[in-house]
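Please look through the sequence and the 3D structure below before reading the notes that follow. They are grouped by topic, so that each part can be checked against the picture.

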Amino acid sequence: MTVPPLEPPRPRDQVFLRVCVDLAREALDVGDEPFGSVLVDAAGEILRRGRNGVGGGDATQHPELALARWASESLDVEQRRTSTVYTSGEHCPMCSAAHAWVGRGRIVYAA
Ligand SMILES: [Zn+2]
């Protein structure tokens, strides 16, 4: 596994991070932890979105993990490699590993 080099932000990154923050707010409003995430393809289309769901008792209900699972089932290798995962906070080790295993591209997070 190789670690890709850091690259400067792209103009549309803030747009997708705003969607993540809105999803995080939705999660917080219903008693979950405030995390939201979207998966965006190379053309800039949101393919999938999700928010934290640990309030139901399953501590693995992170949106980033759900996106990794969906990408593994729904996208081919090239689509995963060229996609970007945006999230409202830095990935936890579980979600970082999941995205590495499915071979996704960039990860962009708000801090
Ligand atoms: Zn996580």
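**Briefing on the predicted model**

Once its neighbours within four places in sequence are left aside, Leu39 is in contact with Leu47, Arg48, Leu67, Ala71, Ser83 and Val85.

**The nonpolar core**
- Leu39 is also one of the residues with the most contacts inside the largest nonpolar core, which has 19 residues, and the others named with it are Cys20, Val38, Leu67, Ala68 and Tyr86.
- At least two residues of this core come from each of helix H1 (13–29), E1, H2, E3 and H4.
- In soluble globular proteins, nonpolar side chains tend to be buried together.

**The hairpin of E1 and E2**
- Strand E1, residues 36–40, pairs with strand E2, residues 46–51, in the antiparallel sense over 5 bridges, and Gly36 stands opposite Arg51 in this pairing.
- Between the two strands of the hairpin there are 5 residues, and Gly44 takes a positive phi near 90°.

**Helix H4**
- In helix H4, which spans residues 93–102, the buried residues are Cys95, Ala98 and His99.
- Seen down the axis of H4, these buried residues fall within an arc of 95°, so they line one face of the helix.
- Exposed residues Pro93 and Trp101 are carried by the face of H4 that is turned away from its buried side.
- The buried residues of H4 are covered by elements including helix H2 (63–74), strand E3 (84–87) and strand E4 (106–109).
- After H4 comes Gly103, whose phi is positive, near 75°.

Definitions and conventions:
Residues numbered from 1 in each chain as written. Predicted model: local features only at pLDDT ≥ 70, side-chain atom pairs only at ≥ 80, totals over all residues. Pairing = 2+ DSSP bridges. Helix = DSSP H or I, 4+ residues; strand = E, 2+ residues; numbered from the N terminus. Buried ≥ 20, exposed ≤ 12 C-beta atoms within 10 Å, placed from the backbone. Arc of directions from axis to C-beta. Contact = placed C-beta atoms within 7 Å. Core = buried A, V, L, I, M, F, W, Y, C linked by C-beta atoms within 7 Å.
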